[in-house]
Amino acid sequence: MASKVYFTREITPEKVIELYKLLGKELTGNIAVKLHSGEQGNQNFLRPDFWKPVIDHVGGTPVETNTAYGGSRGTTKRHLETLKKHGWTDYFDMELLDAEGDDIELEIPNGKVIKKNFIGRGTEKYDSMLVLAHFKGHPMGGFGGSLKQLAIGMASSYGKAYIHGAGNVDEIWSSDHDSFLASMADAAESVVRYFDGNIAYINVMKNMSVDCDCCEVAEDPCMADIGMLASTDPVAIDRACLDLVYKSDDPGRDHLLERIKSRNGEYTVECAAALGIGSLEYELIEI
């Protein structure tokens, strides 16, 4: 059955709240709000003042995880410093889910490549999650959206290395590429199952560079902003974003598509659909 994906061309904090309300899904209990805090030096990530209204609306706690590659977010100490520099701590008491304690090991019985995933111990205190994703390109994954937030975004520092290495942390940058992409889908499935589907997703198609917000030195956006989408289906929302890029007549479209295609980025979406966490069929409802 086709999943509903709500779409607006208007990109404002107020419209984010409207999209969330249209989903009709009440996130309950302690709500984690997964977002990307931005690598120091990155110019494209979405700022805290943009996200604050919807975070306040749901009463959630913004959460992040440490990276596996060093940089300004590679340790808890440096990550906290970066959060402050980027203004997040002016608005929120953010939590780094893997700041301390052992990881939570999630089993993935039907995983295509990996059979377990590692997420931060801090996740235990949350009952549901709002995923706020900045849709753009990515140097390795081809693109980043909701599925990447579920997978690499929720994984601990060790878990990120495990996914990148397709189950072997010693091959973090040298594993078979398609196995890495499928591992992201496997990891995403484990997080969806952990929260028992109590997750809502918002993708913002703004500042679309071929590079990720994790890049200290990123290319400037290559095409005009498209809009924002919301869904309860992580596969459908990412597929809809990809289709909107394909349908665009923006002169920078081909540059972004080259990044997505050259990394076989759509394979992650296909693998996630095969795992049953969402549908490639969707109804796009423009508001």
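Visitor: Which residues of helix α2 are buried?
Guide: In helix α2, which covers residues 48-58, the buried residues are Pro48, Phe50, Trp51, Val54, Ile55 and Val58. Buried means under 20% relative accessible area, exposed means over 50%, and partly exposed lies in between, using a 1.4 Å probe and protein chains only. Helices here are DSSP runs of H or I with at least four residues, strands are runs of E with at least two, and both are numbered from the N terminus.

Visitor: How are they arranged around the axis of α2?
Guide: They cover an arc of only 140 degrees around the axis, which puts them on the same side of α2. The arc is that of the directions from the helix axis to the C-beta atoms. An α-helix has 3.6 residues a turn, so residues three or four places apart point the same way.

Visitor: Before we continue, where does the model come from?
Guide: The model is predicted, so local features need pLDDT of at least 70 and side-chain atom pairs count only at pLDDT 80 or more, while totals for chains, interfaces and linings use all residues. Residues are numbered from 1 along each chain as its sequence is written, and side-chain values use heavy atoms, leaving out hydrogens and water.

Visitor: At what angle do α1 and α2 pack?
Guide: Helix α1 (residues 13-23) packs with α2 at about 35 degrees, and their axes are 8 Å apart. Axes are lines fitted to C-alpha atoms, for helices over the stretch in contact, and angles run from 0 to 180 degrees between N-to-C directions. The contact involves Pro13, Val16, Ile17, Tyr20 and Lys21 of α1, together with Asp49, Phe50, Trp51, Pro53, Val54, His57 and Val58 of α2. Contact means heavy atoms within 4.5 Å.

Visitor: And what kinds of residues are these?
Guide: In the contact of α1 with α2, 9 are nonpolar, 1 is polar and 2 are charged. Ala, Val, Leu, Ile, Met, Phe, Trp, Tyr, Cys and Pro count as nonpolar, Asp, Glu, Lys and Arg as charged, and the others, Gly among them, as polar.

Visitor: What comes just after α2?
Guide: Glycine 59 does, with a positive phi of about 70 degrees.

Visitor: How many residues of α7 are buried?
Guide: Of its 18 residues, 13 are buried, so α7 is largely enclosed by the rest of the structure.

Visitor: Where is aspartate 196, and is it buried or exposed?
Guide: Aspartate 196 lies in the loop between α7 and β10 (199-205). Its relative accessible area is 64%, so it is exposed. Aspartate 196 has a positive phi of about 55 degrees although it is not a glycine.

Visitor: What about asparagine 207?
Guide: Asparagine 207 also is not a glycine, and its positive phi is about 50 degrees. Asparagine 207 sits in the loop between β10 and β11 (227-231), and at 18% relative accessibility it counts as buried.

Visitor: Finally, which residues does alanine 155 contact?
Guide: Leaving aside neighbours within four places in sequence, alanine 155 is in contact with Thr65, Asn117, Phe118, Ile119, Lys160 and Ile163. Alanine 155 is buried, with a relative accessible area of 0%, and it lies in the loop between α5 (146-150) and α6 (157-164).
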